[in-house]
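Hi,

Here is the structure I promised to pass on.

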Amino acid sequence: MFIKRAVWEEMIHHCKEELPMEACGLLSGNNRKCETLWKMKNVKQNTHSFEISQKEIDKAFHSIEKKGQTLTGIYHSHPTGAPYPSHQDIVNAHYPKAAYFIISLVPNIPQVKCFRIIKNRVISIEIKVVN
């Protein structure tokens, strides 16, 4: 999975700025490249889970389509946990074509891992940060 450096940096910044809550958002682009970041609101306002309202998702999808892009990824932070999908992340993964980026903020240096989650199966994906 490819992600633009500016999007990568904005994603990590967003996760840090939402501490101690989990941050979340969508990524869009074309040809397996994350080119645009869409910050979403965690309606749960929780330190161990996130949820995005369907209304906000629909609005973002409309904007993504208007840009001529598709959903390429979904990101969220694990403020106190490892960068691996939790049981809840796996159960709530409804977009099998999207890459799931998880940003761990423990310790102080963010760790980012990426996965495809298809029918409760977690598959690790390599991330390439590009200009």
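The strands make up an open sheet of 8, in the order β7-β6-β5-β4-β2-β3-β1-β8 and with mixed pairing. (Strands here are DSSP E runs of at least two residues, helices are H or I runs of at least four, and both are numbered from the N terminus; two strands pair if DSSP finds at least two bridges between them.) β7 (121-125) and β8 (128-130) sit at the edges with a single partner strand each, so one side of each has no neighbour in the sheet. On average, neighbouring strands are turned by 35 degrees against each other, direction ignored; the axes behind that are lines fitted to C-alpha atoms, for helices over the stretch in contact, with angles running from 0 to 180 degrees between N-to-C directions.

Before the rest, some housekeeping: this is a predicted model, so local features need pLDDT of at least 70 and side-chain atom pairs count only at pLDDT 80 or more, while totals for chains, interfaces and linings use all residues. Residues are numbered from 1 along each chain as its sequence is written, and side-chain values use heavy atoms, with hydrogens and water left out.

Back to the strands. β2 (residues 24-30) and β3 run antiparallel and are joined by 7 bridges, with Cys-24 opposite Met-40 in β3. Their hairpin has 2 residues between the strands, and Asn-31 takes a positive phi near 55 degrees there.

Leu-27 and Gln-69 are 42 residues apart in sequence, yet 9.8 Å apart in space, C-alpha to C-alpha.

How many aromatic pairs does the structure hold? There are 2. (Rings of Phe, Tyr and Trp, the last by its six-membered ring, pair if their centres lie within 6.5 Å; planes under 30 degrees apart are stacked, over 60 edge-to-face, and the rest tilted.) Phe-61 and Tyr-95 are edge-to-face, at 5.8 Å centre to centre and 75 degrees between the planes. They are 34 residues apart, with Phe-61 in helix α2 (residues 54-66) and Tyr-95 in the loop between α3 (87-91) and β5 (99-104). Phe-61 is partly exposed at 27%, and Tyr-95 is partly exposed at 28%.

Tyr-84 and Phe-115 also pair edge-to-face, with ring centres 5.3 Å apart and planes at 80 degrees. This pair links the loop between β4 (70-78) and α3 to strand β6 (residues 111-118), 31 residues apart. Tyr-84 is partly exposed at 47%, whereas Phe-115 is buried at 4%. Phe-115 also stands opposite Ser-124 in β7, where β6 and β7 pair antiparallel over 5 bridges.

Last, the largest pocket: its volume is about 560 Å³. (On a 1 Å grid over the protein atoms alone, a pocket is an open set of points with protein on both sides within 12 Å along at least five of seven lines, and lining residues have an atom within 4 Å of a point.) Of its 31 lining residues, Phe-50, Glu-51, Ile-52, Asn-92 and Ala-93 are the closest to the centre. β4 gives the largest share of the lining, 4 residues.

Cheers

Notes. Buried < 20%, exposed > 50% of the residue type's maximum accessible area, 1.4 Å probe, protein only. 1 Å grid on protein atoms, 1.4 Å probe; cavity = no way out; pocket = protein on both sides within 12 Å on 5 of 7 lines; lining within 4 Å. Points joined across faces, edges and corners; volume = space filled by probe spheres on them.
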